[in-house]
Every structure is written in structure tokens, then in C-alpha cells.
Amino acid sequence: MVRILLSLAATSALCVGSGFAQTSPPPPPVRPGDAAKPGSTVAPAGDAPHAYRVKGVLGAKVSLKGDVNIGTVDDIVFSDAGQVEYLIAVNDGKLVTIPWEAAKFDFDKRVATLNITQDQYKVIPTYTTSEYPVYFEPTYRTQVYGWYGLKPRPWGVFRR
């Protein structure tokens with residue numbers, strides 16, 4: 001029994017000494033444009049994608065052509081397959097659905113710009129938290145994308 005306890009103690013000491021049982025501080029946040037460093041999780045420069053965090057998008061200003069503010073990003077809707085589909089903007093308690101592809105992001109300034117005019121935006125229906133739409137219902141999805149001059153991606157993108 002004593003031999004087993006000593007063996008366990010030695011194994012624990014070895015693990016702690018080698019770093020297995022030690023906790024290290026989390027890595028610093030990844031910012032767009034950061035260069036890859038040895039041991040980092042930042043993608044290398046070139047064609048590799050950049051890492052962006054949801055909390056860098058939530059609360060971002062949403063504007064139309066001409067820097068017309070229409071609210072802030074309140075939520076993000078994604079499919080069960082993990083595909084980001086919509087941003088939800090809020091202004092004065094009214095919500096509006098925006099296809100992810102309709103927003104051009106400036107992550108440094110935390111601004112999502114929509115390539116539509118004020119007149120186009122005025123015809124887009126709004127809703128409140130008590131009456132959410134069915135985001136993936138085909139007719140709704142087609143309408144939402146149409147308001148921004150886009151066509152929805154094929155359904156196969158959303159299936160597992």
C-alpha cells in the first residue's frame with residue numbers, strides 16, 4: 001500500500017514538473033493582422049484566413065451607404081452545422097435580420113456596412129424579441145436575402 005502511494009506521489013511530481021498538471025495563462029487575444037509567431041494560433045500571412053471573435057462583432061455599429069447609422073449588432077444566427085447565416089441589428093428595440101454576406105466588416109473600427117440605400121432599408125420589416133421570425137424557413141430566407149440584393153446559399157451548406 002505504501003509502495004503504491006509513493007508511486008502515485010512520484011508520478012504526480014513528474015507530471016507537475018513536466019507541465020502536465022500545471023495551468024498556464026490563456027494566450028493573448030488574436031487581433032486581425034497579427035503576424036504568426038512560434039506556438040501561436042494565428043494563421044500565417046497570405047491566403048490563410050484570419051481569426052475573428054464573436055465578441056468583436058457583437059455591439060459593432062451597423063451602417064448603410066454614406067455612413068448612415070442604423071443600429072448595432074445584437075445577435076448572430078447560425079445553423080446547426082455551424083454556418084453563420086445572419087446578423088441581427090437592433091435600433092430602438094426593433095430588430096432586423098441581415099444576411100452575413102450583406103455586411104462588409106471593418107473589424108478595426110467595429111463597423112458593419114450594408115451596401116443598400118436608406119430607401120431600400122425602409123422596406124425591410126423589423127420585429128421585436130416577442131416575435132422572432134423562423135430564420136431558416138425557405139420563404140423568409142429568400143425574402144431576407146432579396147432585400148439586400150442577394151440569393152441564399154444552397155441548403156446543402158446547412159446539413160450535417
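Analyst: Start with a cut-off: buried means under 20% relative accessible area. Tyrosine 140 has a relative accessible area of 14%, so tyrosine 140 is buried. Keep in mind that this is a predicted model.

User: What makes tyrosine 135 buried or exposed?

Analyst: The same test applies. Tyrosine 135 has a relative accessible area of 13%. That is under 20%, so tyrosine 135 is buried.

User: Why is the pair of tyrosine 86 and tyrosine 145 called tilted?

Analyst: Their ring centres are 6.3 Å apart, with 55° between the planes. Stacked needs under 30 degrees and edge-to-face needs over 60, so 55° falls to tilted. The pair links distant parts of the chain: tyrosine 86 sits in strand 3, tyrosine 145 in helix 3, and 59 residues separate them. Both tyrosine 86 and tyrosine 145 are buried.

User: What other rings join in?

Analyst: Ring pairs link Tyr86, Tyr135, Phe136, Tyr140, Tyr145 and Trp147 into a cluster. The whole structure holds 8 aromatic pairs.

User: How do you know which parts of the chain tyrosine 86 touches?

Analyst: Contact means heavy atoms within 4.5 Å. Leaving aside neighbours within four places in sequence, the contacts of tyrosine 86 include Ile76, Ile98, Trp100, Tyr135, Tyr140 and Tyr145. Helix 3 lies across strand 3 and strand 4, at about 65° to strand 3.

User: What makes a set of residues the largest nonpolar core here, and which members touch the most others?

Analyst: Members must be buried nonpolar residues joined through side-chain atoms within 4.5 Å. The largest such core has 29 residues, and Tyr86, Leu87, Ile98, Leu114 and Tyr148 touch the most other members. Elements giving two or more residues to this core include strand 3 (84-91), strand 4 (94-99) and helix 3 (138-147). In general, nonpolar side chains tend to be buried together in soluble globular proteins.

User: How is the chain built, and what is the strand order of the sheet?

Analyst: The chain has 3 helices and 6 strands. Along the sequence they follow α-β-β-β-β-β-β-α-α. The open sheet has 6 strands in the order 4-3-2-1-6-5, with mixed pairing. Strand 4 and strand 5 are at the edges because each has a single partner strand, which leaves one side of each without a neighbour in the sheet. On average, neighbouring strands are turned by 35° against each other, direction ignored.

User: How do you know that strand 6 pairs with strand 5 and with strand 1?

Analyst: Pairing takes at least two bridges. Strand 5 and strand 6 have 4 and run antiparallel, so they pair. Strand 1 and strand 6 have 3 and run parallel, so they pair too. Among the partners, aspartate 106 bridges to valine 111, alanine 103 stands opposite leucine 114, and serine 63 stands opposite threonine 113.

User: What lies between strand 5 and strand 6 in their hairpin?

Analyst: There are 4 residues between them. Arginine 110, in the turn, has a positive phi of about 55°.

Methods: Residues are numbered from 1 along each chain as its sequence is written. This is a predicted model: local features need pLDDT of at least 70, side-chain atom pairs count only at pLDDT 80 or more; totals for chains, interfaces and linings use all residues. Side-chain values use heavy atoms; hydrogens and water are left out. Buried means under 20% relative accessible area, exposed over 50%, partly exposed in between (1.4 Å probe, protein chains only). Axes are lines fitted to C-alpha atoms, for helices over the stretch in contact, and angles run from 0 to 180 degrees between N-to-C directions. Rings of Phe, Tyr and Trp (its six-membered ring) pair if their centres lie within 6.5 Å; planes under 30 degrees apart count as stacked, over 60 as edge-to-face and the rest as tilted.
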